[in-house]
Amino acid sequence: MNLQTVKKYSLITGRIFLGLISLLLKSAGTILLIALTTGLIFTCVFAVYIKGLVADELDVELNNYTTINQTSVIYYWDDDLGRYMEMEKLFGSENSVWVPYKDIPLMLEQAAVAIEDKRFYNHHGVDWWRTTAAFGSMFVQNANNFGGSTITQQLIKNTTGNNQGTVKRKLTEIFSALDFEKRYSKEAIIEGYLNIIPLGENCIGVGAASLTYFGKPVTELTLAECASLVGITNNPSMYDPYISENTKAANKTRQLIILYQMLDQGLISEASYNEARAQELVFHSARVADDKQEVKYWATEEEAIAALTAEKKKHYFSYFTDAVIEQVIGDLMEKKGITYSAAESYLYNGGLRVYTTFDPKIQAEIDKVFLDDTFLDAYDKSTEQNLQASMVVMDPYTGEVKGLGGYMGEKVGDRMWNGATQQVKPPGSSFKPLAVYALALDLGYIRPWTLYNDASPESKEVTLIGMPSWYPNNDDFHYNGLIDLRLGIQDSKNTVAAQTLDKLTPQVSFNFLTEKLHFTSLVSSRNVNGNIVSDIAYSPLSLGQLTDGAKVIEMAAAYCIFDNKGIYTKPRLYTLIEDYAGEVVIDNAPQSNIAIGETAAYYMTDLLQNAVKQGTGYGAAVTDMATAGKTGSSGSWKDRWFSGYTPYYTASVWTGYKVGDQKLSGSNPAVKIFHTVMEGIHENLEPRDFEKPANLREVTICEDTGLLATSACVNDIRGNHTMTLWMPANEVPTKSCDAHVFAELCRLPDGTISGLHTAFCPEDTRYTAALLDLFGKTYNITRAYFQPGYILGEIPDCAVHSAATYIPPLLPTPSFDLPVYIPPSDEPYVNPDDKPAAYPDDKPTESAPPVYTPEPTPPPTPPPTPPPTPPPDTVPDYVPSATPEAVPIF
């Protein structure tokens with residue numbers, strides 16, 4: 001191959017090589033461009049996704065938890081004065097002293113920056129170098145503590161209280177920090193951080209910690225003390241010098257590490273470093289002891305003296321104020337996304353104005369009872385502890401709590417456990433209208449005239465579909481056979497409640513209670529010593545025998561639905577919160593939802609009015625005021641309740657013992673408390689009845705069939721079997737009862753019924769009453785419920801009177817009235833033929849007479865049929881006819 005050829009091939013090879021390189025470069029550029037574009041798209045999509053995922057958690061405001069050290073005030077409205085009056089003032093707690101940025105020593109700030117976030121002044125909320133390393137550690141080492149948090153991120157974590165070891169929490173924290181630093185200066189962030197960090201000994205922030213550990217305000221701290229103080233926050237249980245000698249030594253080690261970091265980062269000189277290292281740390285508190293030698297910490301001696309002087313006055317917050325404070329703290333936590341301690345600090349130090357729902361006149365009536373040490377003396381059956389009570393009074397239309405009693409007796413402290421708003425106790429039968437009857441009425445499963453078989457478990461007459469192995473006894477072990485819902489509620493029949501829950505199912509009832517009536521203490525499932533307990537069951541819901549119980553305030557709020565057309569409104573102890581500048585912090589407007597329909601609510605009110613008039617709630621009625629309500633007793637009579645209402649107010653009362661199994665038998669003290677307090681509240685209020693829905697009409701129906709009542713229903717052999725009530729126009733029956741028919745019975749001189757009246761029976765034994773003719777008919781009647789004695793076709797002819805005993809009349813019955821001879825006498829003449837009315841005022845004077853069954857006798861030879869006689873006077877305006885005449889209804 002000659003040189004020319006070699007050059008030629010070399011040139012070709014070079015061109016090919018250059019072409020390949022060019023192609024590779026172009027491909028690499030394309031790949032890089034694609035990678036960059038894909039990366040940007042992914043980053044944007046990821047950012048949008050994360051932003052949407054955590055958007056609800058990014059709203060962190062510095063003003064949510066930084067305070068301005070101003071007193072907050074709680075107000076109430078005074079009707080007489082027509083303006084808000086001061087109720088209580090709230091001062092900052094002893095373990096939190098807010099220090100403004102201008103009073104924070106520079107070396108204290110630098111100590112925190114050096115050990116916690118050395119690039120604090122240069123980043124924008126997130127230290128990306130530390131964050132990348134932290135994520136790398138998470139994926140490589142499968143760690144979940146992340147680390148890498150800046151001071152800004154720690155501030156957010158401390159205020160929100162979110163310490164979950166999750167990717168979502170870390171991403172939320174990152175985006176919040178980036179947003180946070182756009183709105184706040186480094187100075188404001190440092191101020192918030194140093195005032196919110198936990199520093200042991202119940203100290204929140206450097207202000208309280210400086211007084212606790214070194215006995216002086218932060219402005220007087222040395223460099224050595226600043227480093228020691230900042231070192232505690234990393235792990236207070238490890239570095240708190242008061243815990244032990246070991247933790248004191250650990251605090252010194254941590255202090256030296258911080259000092260070295262300050263020197264290494266050029267924040268302090270070597271001379272300052274050496275001086276601080278050499279300083280001996282002396283820990284002592286700025287303390288002032290009261291007469292009980294209880295140690296309290298204050299910023300200055302003047303504050304301590306003022307506080308102790310005020311304390312000696314023995315003024316404590318009322319139970320109402322305690323409840324307001326807890327509700328406000330809870331709402332601030334929810335609305336602002338901050339911790340309990342941060343919300344508490346905000347309330348006590350933020351100069352807030354809280355406008356409550358408190359009514360001093362209503363509270364005064366409650367206090368008359370709850371401060372009376374002798375009020376429950378007659379009921380106290382325990383020698384170990386005093387009988388206790390709790391009560392809440394609400395406006396059923398607004399959800400406003402007007403007054404409450406936490407416990408009986410003088411209050412001896414602030415923010416004590418509150419029986420009205422925090423305690424849970426099983427509500428017993430007072431739970432039945434809520435868990436069982438209200439929803440069943442609303443769904444149309446039952447009506448006030450629905451019939452039940454009030455049978456004992458031993459009879460085996462009733463089996464529940466959802467739980468065949470369980471059926472309750474009544475509290476008094478008394479059973480009435482066939483009864484309607486009204487009587488079942490009046491006498492608090494457990495059998496009726498269980499049968500009604502069987503129609504609903506426990507799960508439907510539980511959902512209604514938790515989702516519509518917002519009970520918070522019900523248990524869906526819990527493992528107790530290896531056993532699963534749940535309130536989604538027959539006994540807890542139909543008998544009110546809950547696993548834990550219910551709160552008095554939640555019982556009162558739930559009963560408000562009956563007075564407010566079926567609408568539930570969340571109980572409120574305040575209406576508005578403003579900050580020190582008058583800006584609205586929380587507008588606590590009513591929060592409502594429809595629980596049941598208006599008609600069902602009125603049905604329930606009608607039934608509960610009857611329970612007060614004639615049932616277990618007798619004695620609770622308010623004078624000249626419509627009153628409805630229901631008693632309750634937990635298992636073994638340990639807790640006694642009454643929840644009730646008038647057209648003005650709703651109240652719930654619990655009575656019993658705080659702890660233990662002491663029984664409270666006999667009459668229900670909760671009824672007495674309700675009556676006494678509500679009597680005082682309503683003393684000057686205009687009498688009022690419960691409002692009826694506009695679509696209701698007054699109707700008298702037959703209790704057995706639910707059809708329009710007739711005179712036969714009124715004169716049932718068992719007594720008047722009609723019910724007058726208000727019904728929706730579309731539910732008014734269009735047909736009259738034809739199950740009740742009149743029959744001629746033979747009633748012996750001793751009052752017993754011997755059977756159907758025959759031709760052999762004397763005329764003066766003839767007794768006309770209505771029986772049930774069920775042949776070929778289907779009604780709201782279960783045949784098995786009835787006993788022999790009032791079913792037509794099951795009562796035999798009278799066997800007492802026969803041909804042998806028959807005495808025909810001496811004279812034919814005249815067709816005209818004969819004059820009545822009245823012999824002279826000093827005593828008034830009584831006509832033996834005059835019989836007392838069997839049902840004066842449509843009510844029986846005696847219970848249904850028993851059916852007399854004599855020994856069988858040979859059938860007699862019937863004599864000629866005697867002439868007919870008119871019906872007796874026992875049935876007013878009775879005219880025999882083939883079809884009973886309907887009772888006028890409208």
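1. Aromatic cluster. Tyr75, Trp77, Tyr84 and Tyr355 are linked into a cluster by ring pairs. Rings of Phe, Tyr and Trp (its six-membered ring) pair if their centres lie within 6.5 Å, with planes under 30 degrees apart counted as stacked, over 60 as edge-to-face and the rest as tilted. The structure holds 17 aromatic pairs.

2. Basis of the note. The model is predicted, so that local features need pLDDT of at least 70 and side-chain atom pairs count only at pLDDT 80 or more, while totals for chains, interfaces and linings use all residues. Residues are numbered from 1 along each chain as its sequence is written, and side-chain values use heavy atoms, with hydrogens and water left out.

3. Charges over rings. A charge sits over a ring if NZ of Lys or CZ of Arg is within 6 Å of the ring centre and within 35 degrees of the ring normal. The charged end of Lys658 is placed over the ring of Tyr407, 4.0 Å from its centre. Lys411 lies over the face of Tyr319, at 5.2 Å from the ring centre.

4. Helix α6. Helices (H or I, at least four residues) and strands (E, at least two) are DSSP runs, numbered from the N terminus. Buried means under 20% relative accessible area, exposed over 50%, and partly exposed in between (1.4 Å probe, protein chains only). Helix α6 covers residues 186-196 and is largely enclosed by the rest of the structure, because ten of its eleven residues are buried. Among the buried residues are Lys186, Glu191, Tyr193 and Asn195.

5. Seven of the seven residues of β6 are buried, and the strand is mostly covered. Gln388, Ser390, Val392 and Met394 point one way from β6, whereas Ala389, Met391 and Val393 point the other way. Two strands pair if DSSP finds at least two bridges between them. β6 pairs with strand β18 (residues 650-656) in the antiparallel sense over seven bridges, and Val393 has Ala651 as its bridge partner in β18. β6 also runs antiparallel to β7, to which four bridges join it; here Met391 stands opposite Gly405. The hairpin of β6 and β7 has six residues between the strands, and Gly399 takes a positive phi near 80° in this hairpin.

6. A salt bridge is a side-chain nitrogen of Lys or Arg within 4 Å of a carboxyl oxygen of Asp or Glu. Arg572 and Glu400 meet in such a bridge through their side chains, at 3.3 Å from N to O. The pair links distant parts of the chain, 172 residues apart: Glu400 is in the loop between β6 (388-394) and β7 (401-405), and Arg572 is in the loop between β12 (567-569) and β13 (574-578). Arg572 counts as buried at 5% relative accessibility, and Glu400 counts as buried at 16%.

7. Other salt bridges. The count comes to 22 salt bridges. The side chains of Glu731 and Arg447 meet at 2.7 Å, N to O. Glu731 lies in the loop between β20 and β21 (740-747) and Arg447 in the loop between α16 (432-442) and β8 (451-454), so this pair ties together parts that are 284 residues apart in sequence. Glu731 is partly exposed, with a relative accessible area of 28%, whereas Arg447 is buried at 15%. Asp103 forms a salt bridge with Lys102, with the closest N and O atoms 3.5 Å apart. In this pair Asp103 is partly exposed at 28% relative accessible area, and Lys102 is exposed at 68%.

8. Strand β21 and its partners. β21 and strand β23 (residues 766-772) run antiparallel and are joined by seven bridges. The bridge partner of His740 in β23 is Leu772. β21 also pairs with strand β22 (residues 753-756) in the antiparallel sense, over three bridges, with Arg747 opposite Ile753. Five residues lie between the strands in the hairpin of β21 and β22, where Gly751 takes a positive phi near 95°.

9. Asn715. This residue is found in the loop between α24 (711-714) and β20 (722-728). Asn715 counts as buried, at 4% relative accessibility. The side chain of Asn715 reaches the backbone oxygen of Ser711 at 2.9 Å.

Conventions. A polar contact is a pair of N or O atoms within 3.5 Å; within protein, one must be able to donate a hydrogen and the other to accept it, and residues adjacent in sequence count only if both atoms are side-chain atoms.
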